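Please review the fold described below, which is set out by topic.

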Amino acid sequence: MSGRILNGDDFDLITGYVHVEGSRIVEIEERSNVKPDDCEASGIVMPALINAHTHLADSVIKDVPYSSLDTLVKPPYGLKHRALREAALDVLVEAMHHSLLDAFITGTTMLADFREGGIYGINALRTAMDLVKQVRVMILGRLNDGLDYIVEDEIDTILDVAPGLGVSGRGVV
């Protein structure tokens, strides 16, 4: 593949070729003599993006009026947590499905998602993930449906189905 390429740790913009074998980049070669007509790619060839902090289910309440962070996201009674508890499963899955599609369309292929709702929320996300195979998601399970006390059995149950935990930074005081 030839064209303009974001290359290296500093994302230098170069013109050249990307040599791919299978699904792996094996070489990036800078060539100043590549002409636009020779390019197989339009735009810029670049690595896929990674978003290391998402809350995909929050898509169920996009574009809500802002008052304060606490009234929006503080567990367990912030707008977000109330909406997640009240959302029907199909509505929740559809919202996460659309957010995964948005990620893919805009070049993001890996996410780490802080998944509220315990096992129910994790399973809803897995259903949405089945619909968008192009985006990989590391699920970080959240405890107690937005409550910030820890129940040891719930930790074990979540870690049986998710690779990690995502503990809230906006705790109940």
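**Structural briefing**

A112 stands opposite M138 in β7. This pair belongs to a predicted model, in which local features need pLDDT of at least 70 and side-chain atom pairs count only at pLDDT 80 or more, while totals for chains, interfaces and linings use all residues. Residues are numbered from 1 along each chain as its sequence is written, and side-chain values use heavy atoms, with hydrogens and water left out.

**Overall architecture**

- The protein has five helices and eight strands; helices (H or I, at least four residues) and strands (E, at least two) are DSSP runs, numbered from the N terminus.
- Along the sequence these elements follow the pattern β-β-β-β-β-α-α-α-β-α-β-α-β.
- Of the 173 residues, 35% count as buried; buried means under 20% relative accessible area, exposed over 50%, and partly exposed in between (1.4 Å probe, protein chains only).
- Among contacts (heavy atoms within 4.5 Å) between residues at least 6 apart in sequence, 62% join residues at least 24 apart.

**The parallel sheet**

- β5 and β6 are joined in the parallel sense by four bridges, and L49 stands opposite T108 in β6.
- Strand β6 (residues 108-115) and strand β7 (residues 136-141) run parallel and are joined by six bridges.
- Two bridges link β7 to strand β8 (residues 164-165), again in the parallel sense, with G141 opposite L165 in β8.

**The mixed sheet**

- Four strands form an open sheet in the order β3-β2-β1-β4, with mixed pairing.
- The edge strands here are β3 (24-30) and β4 (44-45), and each pairs on one side only.
- β1 and β2 run antiparallel and are joined by six bridges; the bridge partner of R4 in β2 is T15.
- G8 lies in the loop between β1 (2-7) and β2 (12-21), and G8 counts as partly exposed because its relative accessibility is 44%.
- The C-alpha atoms of G8 and I28 are separated by 9.5 Å, although the two residues are 20 residues apart along the chain.

**Helix α4 and its crossover**

- β6, α4 and β7 make a right-handed β-α-β unit; a crossover is right-handed if, with the strands pointing away from the viewer, the path from the first strand over the helix to the second runs clockwise.
- Helix α4 (residues 118-131) has 14 residues and reaches 21 Å from its first C-alpha to its last, close to the expected 20 Å, where the expected span is 1.5 Å times one less than the number of residues.
- The buried residues of α4 are G118, G121, I122, A124, L125, A128 and M129. They lie on the same side of α4 because they cover an arc of only 160 degrees around the axis, the arc being that of the directions from the helix axis to the C-beta atoms.
- On the other side of α4, D130 and L131 are exposed.
- An α-helix has 3.6 residues a turn, so residues three or four places apart point the same way.

**Helix α2**

- In helix α2 (residues 79-86), K80, H81, A83 and L84 are buried. These residues share the same side of α2, because their arc around the axis is only 160 degrees.
- The cover over the buried residues of α2 includes α1 (69-73) and α3 (89-105).
- K80, located in helix α2, counts as buried because its relative accessibility is 6%.
- Leaving aside neighbours within four places in sequence, K80 is in contact with H55, D58, I61, L72, V73 and E116.

**The nonpolar core**

- The largest nonpolar core has 22 residues, of which M96, L100, L111, L125, V137 and I139 touch the most other members; such a core is a set of buried Ala, Val, Leu, Ile, Met, Phe, Trp, Tyr and Cys residues joined through side-chain atoms within 4.5 Å.
- α3, α4, β7 and α5 (152-161) each supply at least two residues of this core.
- V137 is in contact with L100, L111, D113, L125 and M129, leaving aside its neighbours within four places in sequence.

Key. Two strands pair if DSSP finds at least two bridges between them.
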